[in-house]
Amino acid sequence: MDLTGWKLAFAFVVFPGFAFTATMGLVLTWVDRFVSARVQWRKGPPVYQPFADVLKLLLKETVVPAGASKVVFLLAPILGFAAMCVTATLLFYVNFFPQGSFVGDLIVLVYLFALPPLAVIIGASASRNPLSAVGASREMTLYLAYELPFLLALAVPVIRTGGAIRIGDLVLAQQAGGPFLYSVSGVIAAVIVLICIQAKLGYPPFDMAEAEQEIMSGVLIEYSGVPLAMFRLTKAMMFFLMPCFLVTVSWGGLASWWAILKFLAIAVLIILIKNTNPRFKIEHALRFFWFILGAFGIAAVILASVKL
Amino acid sequence: MKDPRIWGLKKSPWVYHVAAASCNNCDIEILELLTPRYDVERFGIVLVGSPRHADALLVTGVINRKSLPRVLEVFEQTPKPCLVIGVGSCTCNNHIFRNSYNAVGPYDKHLPMNAYIPGCPPKPEAMILGVVKALSKL
């Protein structure tokens, strides 16, 4: 199927782009809050709670702090938000039409997933708030930290297929020869990606950029109203897309009903890790990602190259 | 349903906690609201770290000449519409500090208050009732 003209617009805005992903992301945010509440023996919010939050923020006043760079401050949320819409379109398209993707879309996706943290850093730096600046510097360090093991882990499926950097090829190879997860290198790579997802989403134990107790929600401290709603939507969409991405690259792709269960398993695992771990210090996170996960990543790459 | 803005405010009131020179008892009781026993997240109430995210300010403590400008600044930083709710007897009538040279309360001389919750400190049930009353007035 060719995505051109109004089909592309529909894919970008309704399915699987903005509307679908945002709805699923917000529902998943509710699942997150509900499971967190149950872990703490609480009752938890109703299903419509994330939708009410976003609606309220969209209708509230937007304050731009005095002295902030106004244009950058207000445009930064759009960067991450648009990146997530494109990611959703691309990811679902290559899953259901593996032949239709282009060479190098894996690399494009990695760059698209890098845009939301970048948007947060830009917005926080433009807001002229010292706590925001601390948050932005932590976000930057964290980004540099988790990107190395993330890329090493993504190299594993690429090596297993003999150098395919097209997600369509990865999906087809898994449909032919079984998911990459069912092997030693595949398990190590999937665990590394799972931990990197945790950091990309900014969930505990890697929530030092938004640490509510020390730097008062850090990077988002000056955001209110519509831009804050966009950041929350971006995060919700990312929460939906990252497990989808993991299922795509190492657990057999999304084009089967089993994918829903796999997706839910990964999402609940993320929520449980989030609820049972205290926050790392930023330098500990850097050390953890580079020297521990990095070492495991290199081991996974070596194992993958000897076809284990 | 009249105004979606009011509906959103009622269904997800995010609370910022302004401790304006209180003795910390009210603050501890506010944190009690988030524990599993009372769990105000059922109603969408979340404690947020920045006044920019807040829909309701919970002010505690007797207001004095030093804390007044800070509280006013926090109020101005909060995006509107927002509620201001005074927690504890100190906010209502200066309580045991009523003869102090430094007390300039009660709060409604300075801020548009939506509710006062008396008590020293008020019980968590009383706070939930106060917030519900303030929200149902909207």
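How many helices and strands are there in chain A? Chain A has 12 helices and 0 strands, where helices (H or I, at least four residues) and strands (E, at least two) are DSSP runs numbered from the N terminus. The model is predicted: local features need pLDDT of at least 70, side-chain atom pairs count only at pLDDT 80 or more, and totals for chains, interfaces and linings use all residues. Residues are numbered from 1 along each chain as its sequence is written, while chains are lettered from A and ligands numbered from 1 in the order in which they are written.

**View 1. Chain A as a whole.** Along the sequence, chain A reads α-α-α-α-α-α-α-α-α-α-α-α. Its radius of gyration is 19 Å, close to the 19 Å that the globule rule gives for 308 residues, so chain A is as compact as a globular protein of that length. The radius is taken over C-alpha atoms, and the rule is 2.2 Å times the number of residues to the power 0.38. The C-alpha trace of chain A spans about 55 × 50 × 40 Å along its principal axes. Of the 308 residues, 50% count as buried; a residue is buried if 20 or more other C-beta atoms lie within 10 Å of its own, exposed if 12 or fewer, and partly exposed in between, with C-beta atoms placed from the backbone.

**View 2. Helix 3 against helix 10 in chain A.** The axes of helix 3 (residues 49-59) and helix 10 (residues 225-250) of chain A come within 7 Å and cross at roughly 150 degrees. Helix 3 of chain A is therefore roughly antiparallel to helix 10 of chain A. Axes are lines fitted to C-alpha atoms, for helices over the stretch in contact, and angles run from 0 to 180 degrees between N-to-C directions; those under 35 degrees count as roughly parallel, over 145 as roughly antiparallel, 65 to 115 as roughly perpendicular and the rest as oblique. From helix 3 of chain A, Pro50(A), Val54(A), Leu57(A) and Leu58(A) meet residues of helix 10 of chain A including Val226(A), Leu233(A) and Ala236(A). Two residues are in contact if their C-beta atoms, placed from the backbone, lie within 7 Å. By class, this contact of helix 3 with helix 10 of chain A has 9 nonpolar, 1 polar and 1 charged residues. Ala, Val, Leu, Ile, Met, Phe, Trp, Tyr, Cys and Pro count as nonpolar, Asp, Glu, Lys and Arg as charged, and the others, Gly among them, as polar.

**View 3. Surroundings of Trp30(A).** Trp30(A) is found in helix 2 (residues 18-39) of chain A. It counts as partly exposed, with 19 C-beta neighbours inside 10 Å. Not counting residues up to four places away in sequence, Trp30(A) touches Val47(A), Gln49(A) and Pro50(A). Trp30(A) and Phe51(A) are 21 residues apart in sequence, and their C-alpha atoms are 9.1 Å apart in space.

**View 4. The largest nonpolar core.** This core has 93 residues, and those with the most contacts inside it include Leu91(A), Leu142(A), Met237(A) and Leu241(A). Helix 10 of chain A gives the most to this core, with 17 residues. A nonpolar core is a set of buried Ala, Val, Leu, Ile, Met, Phe, Trp, Tyr and Cys residues joined through C-beta atoms within 7 Å. Leaving aside neighbours within four places in sequence, Leu142(A) is in contact with Ala199(A), Phe206(A), Met208(A), Ala209(A), Ile282(A) and Ala285(A).

**View 5. The contact between the chains.** Chain B contributes 18 residues and chain A 26 residues. The side of chain B that touches chain A has 5 nonpolar, 6 polar and 7 charged residues.

**View 6. Two cis peptide bonds in chain B.** Chain B has 5 helices and 5 strands. A cis peptide bond joins Lys80(B) and Pro81(B), with omega about 0 degrees. Pro81(B) lies in the loop between helix 3 (67-77) and strand 4 (83-87) of chain B. The bond from Cys120(B) to Pro121(B) is also cis, with omega near -5 degrees. Pro121(B) lies in the loop between strand 5 (115-117) and helix 5 (124-136) of chain B.

View 7. Most residues other than glycine have a negative phi, and most peptide bonds are trans. Phi of Asn24(B) is near 85 degrees; Asn24(B) lies in the loop between strand 1 (14-19) and helix 2 of chain B. With 11 C-beta neighbours inside 10 Å, Asn24(B) counts as exposed. Phi of His95(B) is near 50 degrees, and His95(B) lies in the loop between helix 4 (89-93) and strand 5 of chain B. His95(B) counts as partly exposed, with 18 C-beta neighbours inside 10 Å.
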